[in-house]
Amino acid sequence: MPIPAEVRALRKKLGLTQATVAKSAGVSQPLIARIENGTVDPRCSTYGAVLDALNRAERKGVMLK
């Protein structure tokens with residue numbers, strides 16, 4: 001499982017905002033921020049949803065940068 005800094009790095013590499021990832025994962029933007037900062041220990045299902053959202057974006061070639 002990626003560490004918080006890796007989640008942030010992948011999101012930024014894909015050119016996604018926290019809000020976009022949150023919407024795709026079905027969670028709030030502040031929760032994405034807290035996950036990336038390492039200030040929250042999310043449930044496995046929540047973390048999985050965030051990673052799935054990032055992986056879907058990567059497969060679609062979202063690369064905005």
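Hi everyone, let me start with a definition: by relative accessible area, a residue is buried under 20%, exposed over 50% and partly exposed in between, using a 1.4 Å probe and protein chains only. With that in hand, take Ile3, which is partly exposed because its relative accessible area is 48%.

A word on where this comes from. This is a predicted model, in which local features need pLDDT of at least 70 and side-chain atom pairs count only at pLDDT 80 or more, while totals for chains, interfaces and linings use all residues. Residues are numbered from 1 along each chain as its sequence is written, and side-chain values use heavy atoms, with hydrogens and water left out.

Back to Ile3, then. Ile3 sits in the segment before α1; helices here are DSSP runs of H or I with at least four residues, strands are runs of E with at least two, and numbering goes from the N terminus. Ile3 and Ile35 are 32 residues apart along the chain, and their C-alpha atoms are separated by 9.1 Å.

Now for the helix pairs. Two packed helices are described by the angle between their axes and the distance between the axes. The axes are lines fitted to C-alpha atoms, for helices over the stretch in contact, and the angles run from 0 to 180 degrees between N-to-C directions.

Our opening pair is α1, residues 4-13, and α4, residues 44-60: they pack at about 30°, with axes 10 Å apart. That makes α1 roughly parallel to α4, since angles under 35 degrees count as roughly parallel, over 145 as roughly antiparallel, 65 to 115 as roughly perpendicular and the rest as oblique. Which residues make the contact? From α1 we have Pro4, Val7, Leu10, Arg11 and Lys13, and from α4 we have Tyr47, Val50, Leu51, Leu54 and Glu58; contact means heavy atoms within 4.5 Å. By class, that is seven nonpolar, no polar and three charged residues. For these classes, Ala, Val, Leu, Ile, Met, Phe, Trp, Tyr, Cys and Pro are nonpolar, Asp, Glu, Lys and Arg are charged, and the others, Gly among them, are polar.

Next, α2 and α3. Their axes come within 8 Å and cross at roughly 110°, which makes α2 roughly perpendicular to α3. Gln18, Ala19, Val21 and Ala22 of α2 meet Gln29, Ile32, Ala33 and Glu36 of α3. This contact has five nonpolar, two polar and one charged residues.

Staying with α3, its buried residues are Leu31, Ile32, Ala33, Ile35 and Glu36. Their cover includes α1, α2 and α4. Just after α3, Gly38 takes a positive phi of about 75°.

So what about the core? A nonpolar core is a set of buried Ala, Val, Leu, Ile, Met, Phe, Trp, Tyr and Cys residues joined through side-chain atoms within 4.5 Å. The largest one has 16 residues, and Val7, Leu14, Leu16, Val21, Val50 and Leu54 have the most contacts inside it. At least two residues of this core come from each of α1, α2, α3 and α4, and α4 supplies the largest share, six residues.

Two last stops. Beyond neighbours within four places in sequence, Thr46 is in contact with Val27 and Leu31. Asp41, in the loop between α3 and α4, counts as exposed at 76% relative accessibility.
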